[in-house]
Amino acid sequence: MLQLESLSKSFAPNVAALADVSLDVTPGELVALVGSSGCGKTTLLRLVAGLDSPTRGAVALDGEPIRAPHPAIGVVFQEPRLLPWLNIAQNVGFGLMDRSAAERENRVDAALLRVGLAGYGGRWPRELSGGQAQRVSIIRALVTEPKVLLMDEPFSALDALTRASLHDHLIGLWEAQRPTLLLVTHDVEEAVALADRAIVMQPRPGRVFADIALDLPRPRDRLSPAFTEAKRVILAALDGSLEAPSPRQKAKHASGAWW
Amino acid sequence: MKLPSRSVLSNPWAIGLILPVTAAILYEAAAHLGYVEARLLPPPSRIAETLWSLAVTGELWTHIAATMLRLAVGFVLGAVAGILLGALTGASPTASRLLDPTVQALRAIPSLAWVPLFILWLGIFEASKIALIAIGVFFPVYLGVMAAIGNIDRKIVEVGRAFRLSPQALTRRVLLPAVLPDCVVSLRSGLGLGFMFVVAAELMGASEGLGFLLLDGQQLGKPDQILAAIFAFAVLGKICDGALVAAFRPMLRWQDSFAQSVSPSAAAPIASPPLPAH
C-alpha cells in the first residue's frame, strides 16, 4: 500500500507548493490526481517518485519510507524522454541492465508486442511519432514490473484520437500487470475514462479538495449517462476548488486585518 | 550534349568534385593560352609535377611525417587538457567560477603572441612548436566540452535517476553519450586549428615539415612548391578530419539516421513494418 502522510513541499520559504497532503492508495488502484495548473500535482508525483524530497511529511510504500527513486516505483514523464542514442529496444530495456540478455530481450519483445510496436525495436526514437514514443516510455517504466507506476500528464501533448487510443493501451497494460497507478492529469474526461478514484486538488498551496470514487464498469463507455455524470461531479469539484478560500485567507478573515 | 547520368549527380562525392575540377581545367587552359603568368601562378599540371618529383625522391614523405608527428603530439596534448579541464568546469559550478575566468582571459590572447615566450622557454626546436599547436587545439576543445556538458538535457538525466543509476553508470550510459556529438565537433575544430598552428610553428623556422616547404618555396622563388605544399595540407586535413569522424561514427549512428531521413538523395527505401494506427 502506498501511503502519503501530510506531505508538504516549499520551494522557497513561505511559498508552499504542497501543504499537508495525506493519501492512502490500495494496491492495484488507479488514482487520478486532477487539478488546475499550479495545484502541486506534479510536485506531489515527484515526491512519491523520490525525485524530490518533501519539506515535511513522508511517503511510504508497504511501510518502507521513500526518500530516493525506488525499484518498485516506475515513472512516466510528460514527455517520452527516450534516450536518442539508444534504439527502441534498448530504450525499453533501459531499466533491465541487471537481467540476463535473454530475459531482457524476451521482456522487451513482449512489451513492444503488447503496445502494437512489434518490429520497431531497431528503430531510433526520432523516427517515432509522439504517440508511439509515449507508448515506448510507458513500457520502459513497466517492463521492470514496478508495484507503483507514476504518470505525470503523459498524454497531454497528444491529439485527442491518439490520446484515446493510448488510454486503451494503458488500461490493457494496467489490467495485465495491476500496478498501483497514480496518474496526474488536468483532463477530466481522462480521469473518468481511466481511474477508480479521482483526487481533486486545490491550488495555492496544493491540497486535496475532494476524493471522488469512480466505480463505473470497465470498459467504460464515454457516451453513457454515468460517465457524463461522473465528469460533471469532478468538474463541479474543480470549480469548488478554485472558489474555496485557502486556509490562510480564512485565518485572515477570522482575525481581521492583523497588520 | 548528354547530361551526366543521374547516378553520378546523386553521388555526393562526384558533386563535390565538379567545382574544383572545372576550376583546375579552366586554369590549366588559361595558363597554356598565356592569359596568366605561369611562372608566378603555376598551372595544376606544374603543381602535380612538383608534387610527383617531391614524392619520388622521398622528400615529400619526410616533410609530411615531420608535420604530422608535431600535429599529432600537439593535438593529443591539447585535446586531453581541453577535455579534462572542460569536463571539470562543465560539471562543477565551483570549478567553473574558479577557473573559467582565467581560461577565458588566456583565450583572449592571440595564440601566436606566445611564440617568443615559448622560444625563450622551450628553445627553437620541437618543444616550442608542439606547445603552440597544443595551445591552439586546447581552446576550442575546452569550450566545446564545457558547453556540451552544460547543454545536457536535465530531463534525460532524470530518467537515469529514476532508474537509480549509480554515478558511474549515469556517466557511462547517459552523460557520455549525451556529450559525445558536441565533443566530436569541438575535436574537429581543434584539429583544424592544430593544422593552422603547425603551419605557423613551421614558418617560424624548421628544417623539415610542410611549413618548411612553404618557406623554402618563398625564399627560392618556387610558387609551384608552395602550392604543392598547400595541396598536401588540404589533402592531409581532409584525411585527418575524415578519420576523426570515422572513428566516432559507430557511436553516433543514431544521428546518421536523422541525416539520412532528411537528405532526400541518401534516403533509401527502408523495409519497415506497416504503421499501425495509434
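Trainee: Which residue just after α8(B) takes a positive phi?
Mentor: That is Arg164(B), with a phi of about 55°. Please keep in mind that this is a predicted model.

Trainee: And which residues of helix α8 of chain B are buried?
Mentor: In this helix, residues 154-162 of chain B, the buried ones are Val159(B), Gly160(B) and Ala162(B). They lie on the same side of α8(B), because the arc they cover around the axis is only 165°.

Trainee: What do the buried residues of α8(B) pack against?
Mentor: From chain A, they meet α1 (41-49) and β6; from chain B, α9 (167-203).

Trainee: Let us turn to the sheet, then. What is the strand order in chain A?
Mentor: The order is β6-β7-β8-β3-β9-β10, an open sheet of six strands with mixed pairing. At its edges stand β6 (73-76) and β10 (207-213) of chain A; each has a single partner strand, so one side of each has no neighbour in the sheet.

Trainee: How much are neighbouring strands turned against each other?
Mentor: By 20° on average, with direction ignored.

Trainee: Which helix packs on the sheet?
Mentor: Helix α4 of chain A (residues 130-142) does, touching β6 and β7 (148-152) of chain A. The direction of α4 makes about 170° with that of β6(A).

Trainee: One more on pairing: are β3 and β8 of chain A parallel or antiparallel?
Mentor: Strand β3 (residues 30-34) and strand β8 (residues 180-185) of chain A pair in the parallel sense, over five bridges. Within β8(A), Leu183(A) is the residue opposite Ala32(A).

Definitions and conventions:
Residues are numbered from 1 along each chain as its sequence is written. Chains are lettered from A and ligands numbered from 1 in the order in which they are written. This is a predicted model: local features need pLDDT of at least 70, side-chain atom pairs count only at pLDDT 80 or more; totals for chains, interfaces and linings use all residues. Two strands pair if DSSP finds at least two bridges between them. Helices (H or I, at least four residues) and strands (E, at least two) are DSSP runs, numbered from the N terminus. Axes are lines fitted to C-alpha atoms, for helices over the stretch in contact, and angles run from 0 to 180 degrees between N-to-C directions. Two residues are in contact if their C-beta atoms, placed from the backbone, lie within 7 Å. A residue is buried if 20 or more other C-beta atoms lie within 10 Å of its own, exposed if 12 or fewer, and partly exposed in between; C-beta atoms are placed from the backbone. The arc is that of the directions from the helix axis to the C-beta atoms.
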